[in-house]
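Have the structure open as you read.

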Amino acid sequence: MAVGLDKVRPDKVTEEKHLVVEGMDISGHWNRMFEQRVIWDYDVDNLEKVTNLPGGESLGWCYGCAKCTAVCPIDIVGDYSPRKIHRKTQIGVDLFTSSDLWLCTTCMNCLRVCPKEVNMIQIMPAVREQAVLTGAVPPELQKAFEDTAKHGNPLGQPQRKRADWAKAAGVPVPIMKDLKRAVDILWYVGSYPAYHPRGMDAARAAARIFNALGIDFGILGIEEKDDGDSQRLAGEKGLFEMLAEQNIAAFGKYEFNRMVVTGPHEFNAFKNEYPKYGADFKVAHYTRFLVEHLDKLRPMLKKPINLKVTFHDPCYLGRHNGEYEAPRELLRAIPGIELVEMGRCRENGYCCGGGGGGMWLDSFTKEHTTMRLSERRVREAAEYGAEVLAVCCPFEVSRFEDAAKSTGNDKLIVRDILELLDESMKE
Amino acid sequence: MNIVVPIKQIPNLTDELEINGDGTGLDHDALQYVLNEFDEHAIEEAVLAKEAAGGTVTVIGVDTTGELDGALHTALAKGADKAARITGDFPRGTDSHTQAKLLANAIRSLSPDLVLTGVQAADDRDGQIGPMIAAHLGLPYVGVVTGVAVKDGKAIVHKEYAGGLMGEFEVSLPMVVGVQAAHQPPRYAPVSKVRQIAKTAKIDEIAGDEAAGAGSTVRRMFKPEAAGHAEMWEGGPEEVAEKIAALIKEKGLLKG
Ligand code: SF4
Ligand code: SF4
């Protein structure tokens with residue numbers, strides 16, 4: 001209650017028949033809207049611990065409307081949303097030590113609908129950073145931090161093998177260090193396409209497509225390091241800054257007109273975060289880049305793929321960066337494909353669970369939810385009769401393939417759009 | 001209790017190793033340097049000992065790379081209290097005899113109760129730094145240690161023998177220990193914390209005297225020379241399985 005304001009006593013109120021205040025007619029019966037209600041009888045210490053942090057302020061703006069609860073992907077498989085987190089601080093839950101701290105995938109669906117701009121994309125990293133500094137981090141996430149710090153990628157693979165995937169691409173994949181000249185496109189491959197077996201499939205497909213289109217491109221090979229954006233959102237800001245400095249130095253060694261990235265998280269990092277650390281270059285996600293080349297690409301897409309395909313919008317391509325059309329345009333260009341939309345798509349796309357560190361919190365999240373987000377998502381794809389779940393984020397292929405198996409939807413085929421294009425280009 | 005941890009940086013083994021033009025050693029300038037893994041365990045054991053018995057941990061190294069500060073900041077982030085850098089004209093790959101001499105001279109002035117260092121390092125694999133520091137300082141040394149507990153001016157050290165045998169020693173302090181493994185995996189220092197510390201930490205500088213000269217010289221260093229040859233098969237599991245089956249048949253390894 002505001003200090004110094006006397007509590008209104010309804011029994012002392014006289015109702016005017018007709019009342020106009022400053023030109024506004026406020027006639028009507030007295031009701032509770034005009035009284036102070038007791039809403040500040042909580043201990044605000046836990047809330048203030050969050051709102052006192054730079055980035056944590058907006059949790060205090062929540063007025064409990066629950067718009068966010070309706071769209072939070074975690075709430076569908078658990079008990080979660082900014083509103084609930086805000087409310088829990090009032091009943092004694094300390095977010096710094098609560099399991100709630102690690103469940104948010106920073107998918108941004110809540111921020112999309114929140115009238116008060118309660119921003120989990122800033123709150124979560126801010127609070128998590130404090131937990132990271134004290135070492136209170138789930139071990140599997142800690143391991144991903146450690147692997148990234150040591151090896152430059154969260155999979156813990158040797159840095160010197162970062163370009164090994166290219167050997168089996170069947171087409172040349174020039175490495176900038178050997179090329180010794182400027183290129184049109186610097187292709188930032190990313191950790192999962194470079195090391196994960198299913199990511200490599202997409203990387204090799206991309207290499208074949210770029211070659212077929214006659215793109216003048218090069219990769220950084222062993223000079224490339226993880227972008228670090230998901231580690232940042234998971235609270236290891238220092239690690240992100242270190243990687244940003246190293247990557248920016250590596251990018252700066254070479255001349256290129258534009259960068260193309262395989263993954264939406266990298267796209268987000270280079271477009272929105274790296275400029276804060278001095279990066280200055282243009283970047284495109286591969287879907288938008290290939291749409292620019294669609295006139296040349298379309299005639300090469302000869303082999304029909306006669307399947308019902310649905311598309312999963314990556315949070316960091318769609319909601320975070322506003323790109324919904326390019327992936328769909330590419331899918332529509334493939335002959336034979338029947339594109340069906342799932343109920344939760346585009347702005348309201350469901351999260352795969354991999355963002356904001358979720359990629360490295362699988363067991364932890366599993367313990368605190370009834371089902372993985374990826375499992376919920378493949379069920380939705382199956383409900384809509386899709387035979388193929390198409391994706392364009394390197395985190396997703398393995399997540400969804402595992403989920404298809406664990407939910408008994410083995411028949412659902414999970415493919416990166418790159419793989420579908422590559423398939424359709426085969427004679 | 002005054003605990004001192006001498007550390008050293010070595011080439012990053014996850015990188016491709018290059019041999020120098022003379023074929024007598026690594027091409028140090030082409031390599032990235034990281035902290036010796038056994039020294040990471042020594043730091044962890046030192047911090048654990050401090051947490052158990054109180055005291056201060058000082059981490060010290062010869063700056064052979066110009067990048068030692070990074071390792072020192074990481075050690076501070078893990079719980080060390082002080083850091084010192086020995087400076088001078090000591091290039092990458094400076095031999096263990098020289099490093100041991102420099103470290104011993106610097107450590108003497110710190111009057112340590114306990115010196116914990118990695119039992120060996122992957123670069124020269126001679127395991128000499130610990131014993132030589134002990135010899136220079138006239139202190140007892142126990143190596144291949146997997147746990148240290150300090151009580152009443154004595155250290156109880158666990159040493160691992162081949163075949164899973166364990167030995168327990170009681171040694172009067174001060175002493176030098178060659179750590180094989182800390183009794184807990186080395187903790188992760190969040191880069192956020194390391195970077196915070198890097199902004200404020202004070203690192204003491206100690207000028208090193210001259211090199212002591214290596215105890216041994218490498219006549220030739222070379223990559224393993226392949227005796228036979230291996231063929232790598234690419235392809236999906238089914239494709240590769242077929243090739244394996246065909247090979248087994250071809251070599252006549254199938255009965256009947
Ligand atoms: S939508 Fe915003 S204001 Fe409404 S409950 Fe959620 S966080 Fe609070
Ligand atoms: S960002 Fe996504 S996961 Fe996190 S609270 Fe908001 S809706 Fe839920």
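What follows is a short tour of some salt bridges, grouped by pair. Keep in mind that this is a predicted model. Searching the whole structure over all chains turns up 43 salt bridges.

**A buried pair between two loops**
- Glu224(A) and Arg162(A) make a salt bridge, with their closest N and O atoms 2.9 Å apart.
- Glu224(A) sits in the loop between strand 4 (217–219) and helix 11 (229–233), while Arg162(A) sits in the loop between helix 7 (139–151) and helix 8 (176–179), so the pair ties together parts of chain A that are 62 residues apart in sequence.
- Glu224(A) counts as buried because its relative accessibility is 2%, and for Arg162(A) a value of 2% also means buried.

**A pair between two helices**
- Arg198(A) and Glu419(A) meet through their side chains in a salt bridge, at 2.8 Å from N to O.
- This one links distant parts of the chain, 221 residues apart: Arg198(A) belongs to helix 10 (residues 197–212) and Glu419(A) to helix 20 (residues 417–424).
- Arg198(A) is buried at 14% relative accessibility, and Glu419(A) is buried at 12%.

**A partly exposed pair**
- Glu347(A) forms a salt bridge with Arg346(A), and here the closest N and O atoms are 3.9 Å apart.
- Glu347(A) is partly exposed, with a relative accessible area of 36%, and Arg346(A) is partly exposed at 27% relative accessibility.

**A network**
- Salt bridges with shared partners join Arg198(A), Asp201(A), Glu401(A), Arg415(A) and Glu419(A) into one network.

Technical notes:
Residues numbered from 1 in each chain as written. Chains lettered and ligands numbered in written order. Predicted model: local features only at pLDDT ≥ 70, side-chain atom pairs only at ≥ 80, totals over all residues. Heavy atoms only, no water. Salt bridge = Lys/Arg side-chain N within 4 Å of Asp/Glu carboxyl O. Helix = DSSP H or I, 4+ residues; strand = E, 2+ residues; numbered from the N terminus. Buried < 20%, exposed > 50% of the residue type's maximum accessible area, 1.4 Å probe, protein only.
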